[in-house]
Amino acid sequence: MTEILLLEDLPEIRSWLKVLIKQVFPDSNVHEAARVHDALELVSAVKFNLALCDLGLPDGSGVDVVAALRETQPECQSVVVTIHDDDDHLFPALQAGAFGYLLKEQARELIAEQLKRMSQGEPPLSPSIARRVISHFASQTQRQERPQNMPHVALTDRENEVLLRVAKGFTLPEIGVQLNLSRHTIADYVKQIYRKLNVSSRAEAALEAQRLGLFRR
Amino acid sequence: MSIRARLALAAVAALMWLAVAMLPVDARAADVTVIDKALTAPGTGTGPPAFGSTARPVKLPDDWAETRPRFDGSVWYAVTFDRPAEMDAQDLLALYVERACSNLEVWLNGQRIFSGGRMSEPVTRNCHYPQLVTLPGALLTERGNALELQVQGHALQRVASRLRAGGLSVLTIGPQSVLAAQHLKHRFWNVTIVEIVSVVLAVTGLVMIGLGLMNRREAYLSYFGWLSLAWGLLSMRLWWRDLPWDNAVTEFLVCIAYTPVTALAVQFLLSYVDLRSRWIENALIAQCVLLPATLLLAGPSRLYAMAAIWYPLLLLEVAAIAVLILAIAWRRKRRDFGAMLAVLAVTLGLMLHSVAVYLGLIEAPQWPVMQIVVPLMVAGVAGRLLYVFARSLRAAEDGRESLETRIAQVTAELEQNFAQLADLRVEQVTEKERKRIAGDLHDDLGAKLLTIVHTSESERISTLAREALEEMRLSVRGLTGKPMRLADALADWRAETVLRLGQANIEIDWRGPPEETDQLLPARGFVQTTRILREAVSNIIKHSGASHCKVRCTIGDHLFGILVQDNGKGIPMELDGKLDRGHGMSSMKHRAKQMQGQCLVESGPGYGTVIRLTLPL
């Protein structure tokens, strides 16, 4: 049995997504929520395998739910489902631990396809997201101070190579051909990149918190 | 040598010249007879008494305080003289009496020839006035002319100053022209100059009072003004020789007038060093009551005794206060300490001298030193006060000017800051408003369009809604976007085009510029180009039936170009010879034109379509 969280405030879209989820995962149990508050309650009660979270909700941002899931249920895959395709909205969600994103207005078949791929461990990565990830890690390496107990998160050369090529506008299959890598290997790299982005962002957040604490002392 | 020192030297020189000029002229010319012996007899009648057995000789000058103490009334003097032989018969003969106190009448050979004023109370006060009496030729004989003088005077005990006690100076007989000059000179130095100075003092006082009224914080200006005015008025008494009341009242008034003058002097000195003492003020007021009270109690016959106590006391008060303020000025290291010391020392010295003369301790000088020098000092002090005042006024003016300049500067700065702030605020508000509009569009319009996309039964409608949603998002990005690097834009376009064509199973050959550039593309340019490119790709996917697509991007200095070429069936012509509007060609061209660029479409049935997009950077 697959436990799936569906966080979406618009009833029509929610029911439509539910149909779609049932189509991709026929053997699933879908828990619906229209608000961040309800979703967080569900997170504390149910152990999920997959979560689809909208970002702009009446009582807050879906990013909080993504972060809570990352914190309490690390094995749950969070996917952002949003109408915002710009990385200003997406990047914070990815930093909080989202594993990918779906754009709501895409055709049903496309969404189903992407959802299936993500659940199989092939998250999408657009050039603009790749550029932000690159600049994020660049600023991380420049930073001298590092909180203790926090591992230094750095990308491998191959991960960097993949990111740079994505940033230049090459698609993942193209990069696979260029680097003579299989589809699975490329997908693993992308997953690693998302994971490291999350870990390093949390390290950064911890550092920030520590600094604030130092100031208060 | 500083200007100050030069001025001081000049002042000293002027004073020395004055002193020399005021030395008595030697009038004892050959034909001038000085008579220093006379017969005297008491008498109150209207004519000369008989100088019989009661007559006795006296030496002139005759000071009543010594020869007839406590006498108050009329005394007759008789002398005889011969007409000077050397004198021209045409010349007028005159009698010059330097001092006859209080008043005098002259009889020649039994005829009354001169009167100085009223001889009974209130007696005309002529003590300070020298008298010149022309002796009528008709009454004169060659030898043994009898000259009889009646002097009406007051006992020393009944006046406040020895200078106003009864007495007669030596008599001088000589040519009228010679004696007139002497008389004039004496009168000028003893009377006229005092009168002038008193007027000057009064006017100075009024000016200073006016200044003091306008500047209430500078209390010393007012005190000095009142002091100067009071002193001036006191000195002016010389003018009025005939007063409607008798000697006792006049002497009483003169005597009590010194208490307010003293009070004002003390207050001026104290306020000059910013001191104020309630009890000193009260004591001064009390003194103004006490002094008249004691005088009244003692009665007119003991006026001189009371003055002998009070005058030194008043002087002592002023001197004590002067020493006090000098000590304060010294301790405060005031720059005008030297000037204060000099002025106060000279003034106090002169007052001491003056009191000494009043009390008969020393001989009266030829000219009233105090009445002349003290006013000069007062004028000097007034000048200095005015200078200080003018300087502080100037300083205040300068301060005000610099303040105004500073205010203007600050205002300008403030306005500039405000303008910057307003600009910043406008930017912030604009940005916030953009975000709000973007948010609203997404939340409201976006959600509705999304609902249509996913709930519409018709494929066509849901496609339209999806396109509308895409349009909306691009518009919003155009609203909020910042310029982006052209290389990044090309990467985005490449990824999207390759993905879409790949999904449609169309082969794609995309070649970008050989090297990376750092040129920027405005947000709106990015959005419009994205739309054009997206439209072109949509056309290829939907209509062309092509199997291959070629994209070439070139970047120049001021423009960049994109060429999209497919191997499809081309765009069919409309009846009017234009390309099919359903393929969105016109909107692509319109968008390119909006960016001052151009979009050329070459197409023909059977040989595919070429779209050349050229846009400025």
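**Exercise 1.** In this predicted model, find how E2(B) and strand E5 (residues 73-81) of chain B pair, and over how many bridges.

*Solution.* Start with the sense of the pairing: E2(B) and E5(B) run antiparallel. Then count the bridges: there are four. Now take one residue, B:Leu39. Its bridge partner in E5(B) is B:Ala78.

**Exercise 2.** Describe the side of chain B that touches chain A by residue counts, helices and residue classes.

*Solution.* Count the contacts first. On chain B, 22 residues are in contact with 20 residues of chain A. Next, locate helices that supply them. Helix H9 (369-455), helix H10 (459-480) and helix H11 (486-503) of chain B each give at least two residues to this side. Last, sort the chain B residues by class: nine are nonpolar, six polar and seven charged.

**Exercise 3.** Summarise chain B as a whole: its helices and strands, its buried share and the sequence range of its contacts.

*Solution.* Begin with secondary structure: chain B has 13 helices and 20 strands. Turn to burial. Of the 617 residues in chain B, 31% are buried. Finish with sequence separation. Consider contacts in chain B between residues at least 6 apart in sequence; 72% of these join residues at least 24 apart.

Note on methods. Residues are numbered from 1 along each chain as its sequence is written. Chains are lettered from A and ligands numbered from 1 in the order in which they are written. This is a predicted model: local features need pLDDT of at least 70, side-chain atom pairs count only at pLDDT 80 or more; totals for chains, interfaces and linings use all residues. A residue is buried if 20 or more other C-beta atoms lie within 10 Å of its own, exposed if 12 or fewer, and partly exposed in between; C-beta atoms are placed from the backbone. Two residues are in contact if their C-beta atoms, placed from the backbone, lie within 7 Å. Ala, Val, Leu, Ile, Met, Phe, Trp, Tyr, Cys and Pro count as nonpolar, Asp, Glu, Lys and Arg as charged, and the others, Gly among them, as polar. Two strands pair if DSSP finds at least two bridges between them.
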